[in-house]
Amino acid sequence: MAEEKQFDLTVIGSGPGGYVASIRAAQLGLKVACIEKAPSLGGTCLRVGCIPSKALLESSAHFMFAGKQLAQHGVVVERPKLDLNRMMKRKQQTVNMLGKGVETLFKKNKVELICGTARILGSGSLEVESADNTSTLVHSKHILIATGSQPVSLPSVPFDGERIVSSAEALSFENVPEHLVVIGGGYIGLELGSVWKRLGSRVTVLEMRPQIFPGMDGETALEAQRILHRQGLEFQFGKKVTSAMRNGDQCQIALEGGDTIECSHILVAVGRKPFLEGLGLDSIGVELDSEGKVQVSKGFETNIPGIYALGDLVTGPMLAHKAEEEAVSFAETLCGETRSVDYQHIPSVVYTHPELAMVGATEESLKEASTAYRKGVFHFRANGRARASGAVDGWVKMLADEASDQILGVHILGENAGELIHEIVVAMKFKATSQDLARICHAHPTFSETVKESALAVSDRTIHS
């Protein structure tokens with residue numbers, strides 16, 4: 001006979017959406033359980049996504065800096081040697097430590113962890129099967145699905161887990177690929193492509209569209225492309241892959257038109273899709289939209305009363321911090337508080353070198369909406385801190401409404417862009433104008449002065465360019 005348990009809220013998935021919702025709901029007094037089938041907590045973001053990729057980006061950046069740039073600072077060392085095993089060990093230690101941190105937070109906030117695979121039986125009940133084939137019947141007034149997403153596969157390019165891989169396997173190559181072909185010019189492919197290029201791979205990026213980072217500000221994406229090309233990444237645009245196959249230690253990619261590419265490894269990075277398999281959503285009638293995402297109401301409730309979904313499962317950008325914001329909103333709304341998510345001011349960051357960060361409108365979207373705007377651009381090369389640091393690539397680009405001067409969007413390509421963008425997020429949240437930002441004293445010398453100067457540039461008043 002299956003063990004039975006009772007909760008106010010049961011959360012399926014311990015990623016950024018799931019564990020944050022669990023903790024916040026428990027803080028508000030609910031009896032909460034979180035179900036996780038993986039051996040460690042944190043979801044895709046922590047285990048095979050955001051955290052391990054950033055660990056490798058950081059380590060590979062140090063390796064590249066030591067080999068190519070350190071001597072410019074008057075520090076002369078022997079040619080650095082790569083210890084890939086040690087680098088991977090550090091990555092995994094970081095992941096493990098943060099996973100244990102989530103476990104500690106569950107204990108602190110009295111969230112009960114149930115290990116196993118969940119299947120929803122209907123409103124108020126679900127079954128959890130553990131690894132030892134025992135099952136638990138869970139009765140819960142509310143059920144939140146927060147299972148995240150998985151890589152999109154290409155039928156013509158089947159994964160083999162070794163040479164033809166998704167982003168998960170590309171985080172754990174045992175050796176540096178001789179020639180890595182990345183299918184897809186989005187942020188995942190270019191971040192991982194950057195890692196292996198820095199460590200010695202030849203990297204070729206195939207993108208069907210005419211430039212990288214589709215959907216981002218076109219001018220900024222094109223400048224990022226030029227910089228990455230100077231770093232050694234090769235790009236081929238307008239290329240549609242028709243098939244790929246492995247032959248021993250080599251792979252062959254066939255392109256539309258008859259061209260072929262030989263390489264050692266293939267990374268398929270063409271997007272992600274909601275992970276919904278095995279949850280029983282079909283049998284209980286949960287409705288999906290045309291993109292395969294779960295349809296939810298304002299309170300994240302599906303068409304089935306008492307069953308909710310958020311994060312990568314629902315419409316909007318597939319970002320960990322978006323899922324976290326939705327998780328807090330869900331928990332507080334469920335407990336009678338008013339908490340909405342400001343989808344207009346969610347920043348995005350790409351952790352290439354230099355970084356890209358953006359929030360709000362692009363020039364393309366403003367033109368499409370016939371919104372009159374002014375643009376201010378300030379280049380990092382004119383910033384004292386950037387010069388002193390040797391980080392002169394990129395710019396800050398600010399877009400402001402022509403009539404009101406309210407900031408509509410900002411796109412940063414440069415050192416610490418992922419940190420600089422949050423000043424803009426706060427400013428936009430409080431409906432600041434470019435001149436509001438231009439009048440704020442910024443410490444000198446700092447990278448943040450580029451933000452102030454871009455605000456000045458909106459009115460053609462820059463001081464340092």
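Contact is taken as heavy atoms within 4.5 Å, and helices (H or I, at least four residues) and strands (E, at least two) are DSSP runs numbered from the N terminus. The model is predicted, so that local features need pLDDT of at least 70 and side-chain atom pairs count only at pLDDT 80 or more, while totals for chains, interfaces and linings use all residues. Residues are numbered from 1 along each chain as its sequence is written, and side-chain values use heavy atoms, with hydrogens and water left out.

Tyr19, Ser22 and Ile23 in α1 meet Val102, Leu105 and Phe106 in α4. By class, this contact of α1 with α4 has five nonpolar, one polar and no charged residues; Ala, Val, Leu, Ile, Met, Phe, Trp, Tyr, Cys and Pro count as nonpolar, Asp, Glu, Lys and Arg as charged, and the others, Gly among them, as polar. Helix α1 (residues 16–27) packs against helix α4 (residues 84–108) at an angle of about 20 degrees, and the two axes are 10 Å apart. Axes are lines fitted to C-alpha atoms, for helices over the stretch in contact, and angles run from 0 to 180 degrees between N-to-C directions. The crossing of α1 and α4 is left-handed, in that the near helix is turned anticlockwise from the far one by less than a right angle.

Two strands pair if DSSP finds at least two bridges between them. Strands β10 (residues 202–207) and β11 (residues 234–237) run parallel and are joined by four bridges, with Thr204 opposite Glu234 in β11. Together with helix α7 (residues 218–230), β10 and β11 make a right-handed β-α-β unit; with the strands pointing away from the viewer, the path from the first strand over the helix to the second runs clockwise. Phe213, in the loop between β10 and α7, has a positive phi of about 50 degrees although it is not a glycine.

An open sheet of three strands has the order β12-β13-β14 and antiparallel pairing. Its edge strands, β12 (241–247) and β14 (260–263), each pair on one side only. From one strand to the next the twist averages 15 degrees. Six bridges link β12 to β13 (residues 250–255) in the antiparallel sense, and Gln250 in β13 is the bridge partner of Asn247.

Cis peptide bonds join His353 to Pro354, with omega about 0 degrees, and His444 to Pro445, with omega about -5 degrees. Pro354 is placed in the loop between β18 (348–350) and β19 (355–360), and Pro445 in the loop between α13 (434–438) and α14 (449–458).
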